[in-house]
Amino acid sequence: MTQEKKQEFTRRLSCCNRGEMVVILYDILFSYLDEALCAQENGNYAEFRDAAGKAGQVVRRLMEDLDFTYPIAGELYPLYQFVSKLLALAVCKNTAENIIDAKKVLKNLYEGFVEAAKQDSSEPLMQHAQQVVAGMTYQKGSLTETLQGSESSRGFFA
């Protein structure tokens, strides 16, 4: 994953609520799956294995975060297990077919979580995070980001 992508995900995570957090995890997962497909297409097995392994870590994280007090968790768990097995098979067989199948399963779930996140009006998970304001400057094609409140304390004193 590129440094720019990591910064984008970090920025999004710093101001998200619970519903948006799941959507961001799915976006990270799809990013790793796309990397795996690209690496497999280029014949780079080491990168393919690493990207598929990182995608598997995200799936395991989604499985661990399920709250089984809600009935939907019991239905999501087997789907995540299935995706996890598809990723393991993809690495064993060194084929993109299982990655594509995993993306198909996850795409339907992703769309549902996006709709649920739109209805979530809860507070952001991170309190006292710096706000990032992005805007166009006078330079053509340039985007400048500014941190708001950078002079304030983040809660730590030495």
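From the N terminus on, the elements of the chain follow the order α-α-α-α-α-β-β, which amounts to five helices and two strands. Helices (H or I, at least four residues) and strands (E, at least two) are DSSP runs, numbered from the N terminus. The model is predicted: local features need pLDDT of at least 70, side-chain atom pairs count only at pLDDT 80 or more, and totals for chains, interfaces and linings use all residues. Residues are numbered from 1 along each chain as its sequence is written, and side-chain values use heavy atoms, with hydrogens and water left out.

Of the 158 residues of the chain, 29% count as buried; buried means under 20% relative accessible area, exposed over 50%, and partly exposed in between (1.4 Å probe, protein chains only). Among contacts (heavy atoms within 4.5 Å) with a separation of 6 or more, 56% link residues 24 or more positions apart.

Helix 3 (residues 45-64) has 20 residues and spans 28 Å from its first C-alpha to its last, close to the 28 Å expected at 1.5 Å a residue. The expected span is 1.5 Å times one less than the number of residues. The buried residues of helix 3 are F48, A51, A52, A55, G56, V58, V59, L62 and M63. Seen down the helix axis, these residues fall within an arc of 160°, so they line one face of helix 3; the arc is that of the directions from the helix axis to the C-beta atoms. An α-helix has 3.6 residues a turn, so residues three or four places apart point the same way. The buried residues of helix 3 pack against helix 2, helix 4 (71-93) and helix 5 (97-119). At the N-terminal end, helix 3 is capped by N44, a side-chain oxygen of which lies 3.4 Å from the backbone nitrogen of A46.

Two residues of helix 2 (residues 18-41) were examined, one of them being D27. D27 counts as buried because its relative accessibility is 16%. Not counting residues up to four places away in sequence, D27 touches F9, R12 and Y110. Q40 is also found in helix 2, but counts as partly exposed because its relative accessibility is 24%. With the same exclusion of residues up to four places away in sequence, Q40 touches F48, N94, T95 and A96. Q40 and T95 are 55 residues apart in sequence, and their C-alpha atoms are 7.2 Å apart in space.

Technical notes
Polar contact = N/O pair within 3.5 Å; in protein donor to acceptor, adjacent residues only side chain to side chain.
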